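Open your viewer and get the selection tool ready.

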Amino acid sequence: MHVVVVGAGIVGVCTALELIREGHKVTVVDAASNAASQASYANAGLLSPGHCFSWAEPGTVQGVLSAFILGKDRPRIGRPRNAALVGWLRLFAKQSSVGNWKRNSRHALQLARLSREIHFSTDDIPLSSYGGSRNGLLYLYKAGEAPAEAELDLLREAGEPFEVLRGNALRALDPSLNGANADSFHGGTYCPLDACGDARLYALEAARIAGERSAQFRWETRVGEILMQEGRVVGISTESGVLPCDACVVATGYASKELLRPLKYKLQIHPVSGYSLTYHGIQGARPVHGGVSISDKIAWAPFGEGRMRFTGFADIGHPDKTLSSHRFASLEAFARKLCPAVEGMEVEQWVGQRPMTPDGLPYLGAGTHQGLFLNCGHGAMGWTMASASARLTAQVMAGRTPSMDLTPFRHDRRFL
Ligand SMILES: Cc1cc2nc3c(=O)[nH]c(=O)nc-3n(C[C@H](O)[C@H](O)[C@H](O)COP(=O)(O)OP(=O)(O)OC[C@H]3O[C@@H](n4cnc5c(N)ncnc54)[C@H](O)[C@@H]3O)c2cc1C
């Protein structure tokens, strides 16, 4: 079967690789000139089942509202501001009840754990090729804060190992936390199976291997429409003509909503911006583990020799220049405190958009048209969930029973 995968972000290239393994003829089509040029370009790099809880949680809406009034680093709303955004925010608020948060986080955790298992079960892409490490991740809190019991309960229920660490035990695990920032972290959760690595390097390598194994790539080719005949996919139309195919996987991140709108799919995906700094050639001490300051909403990860990334913040829509430079200044201040060795170094700045759904779960599985499959809307966890999303897509396409129930990920779920 000839399958077109639209989108060569981390989700699209992992899918292409799975479909090649299944024996399909695969063509990947992307508007950009290389893999991982949008949301997958410089994300935090955390493979983090241990903290994949839904962002729509009890208290989020009140927290955001009070931060709007009081907070210096408050979340902001950029462009576009329209009826679709209002609708999305309303559904997000609905998802933040205790029951919905638990259910959504449980599904996310199941998908993320399966993904980690698949990710590390093949030697195709070695850790060293993407600056990866498998020594666990730290989720840290400042004075007066602690891991939420509800989150720990979900980890226990899933059988996900973790340790709650405080003070010296934390600093013994990662001596870099003895630095200037040491006193600010009072404790946290250590998830030893979590990992990190540069998602873009991984995607480039996955694309290279898929190409070696016969996948075709069409770069700088924007897909305008998915073509149907009698309710089934027959091809895609691009600026350079029609490409016939038997099936199509939509892996276009937040653009999936617009791509599928003419076919009457009503996807609830909205871009939520985050900011990223990458330092190269760090000489001095740096954190051994990737981690997240839950209090600051900032993540960091060491990538291979002397590279370090810091990411953070969540602004709904696209930010303007003033907001971006404010965010970068806050991130740089945090980076200097956690890792003083970056002081005075050149830094690469990047802003990217998470393709967020109200419940934090992606759209996975078959569409209503024959031959159409969705693999999009992975929000803050696309790197963490990519390998399982790809495998499950391939299983559904082959007509096999998928390794997990895909009902929570259906394209027509209603976010009640
Ligand atoms: C600051 C930040 C930090 C993050 N940190 C983490 C993390 O630590 N761990 C984690 O798991 N996740 C993280 N994420 C989330 C993760 O990066 C995303 O969920 C993931 O990259 C989404 O991948 P994707 O392949 O679905 O989308 P994308 O990477 O956006 O790829 C979509 C592709 O589709 C192409 N495309 C779009 N429209 C068309 C069209 N019409 N025709 C052809 N091509 C088209 C685009 O060019 C693009 O290449 C983070 C995100 C941000 C912004």
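**Stop one: the hidden spaces**

Three cavities of 30 Å³ or more are found in this structure. A cavity here is a set of points, on a 1 Å grid over the protein atoms alone, where a 1.4 Å probe fits but cannot get out, and its lining residues have an atom within 4 Å of a point. Grid points are joined across faces, edges and corners, and a volume is the space filled by probe spheres set on the points.

Before you click, two notes. This is a predicted model, in which local features need pLDDT of at least 70 and side-chain atom pairs count only at pLDDT 80 or more, while totals for chains, interfaces and linings use all residues. Residues are numbered from 1 along each chain as its sequence is written, and side-chain values use heavy atoms, with hydrogens and water left out.

Now select Leu17, Glu18, Arg21, Tyr202 and Ser387: among the 13 lining residues of the largest cavity, these lie nearest its centre. Two or more lining residues each come from α1, α4 (98–119), α7 (199–212) and α10. Helices (H or I, at least four residues) and strands (E, at least two) are DSSP runs, numbered from the N terminus. The volume of this largest cavity is about 110 Å³, and α1 provides the largest share of its lining, four residues.

**Stop two: the second largest cavity**

This cavity holds about 90 Å³ of space. Select Cys52, Phe53, Ser54, Gly360 and Met381, which are the closest to its centre of the 14 residues that line it. Colour α4 too, as this helix gives the most to the lining, with three residues.

**Stop three: the ligand**

Zoom in on the polar contacts (pairs of N or O atoms within 3.5 Å). A polar side-chain atom of Asp30 sits 2.6 Å from a ligand oxygen atom. For Thr384, a backbone N or O atom is 2.7 Å from an oxygen atom of the ligand, and for Gly45 such a backbone atom is 3.3 Å from a ligand oxygen. The protein buries 97% of the 1000 Å² that the ligand exposes when taken alone (accessible areas by the Shrake-Rupley method with a 1.4 Å probe).

Terms used: A polar contact is a pair of N or O atoms within 3.5 Å; within protein, one must be able to donate a hydrogen and the other to accept it, and residues adjacent in sequence count only if both atoms are side-chain atoms. On a 1 Å grid over the protein atoms alone, a cavity is a set of points where a 1.4 Å probe fits but cannot get out, and a pocket is an open set with protein on both sides within 12 Å along at least five of seven lines; lining residues have an atom within 4 Å of a point.
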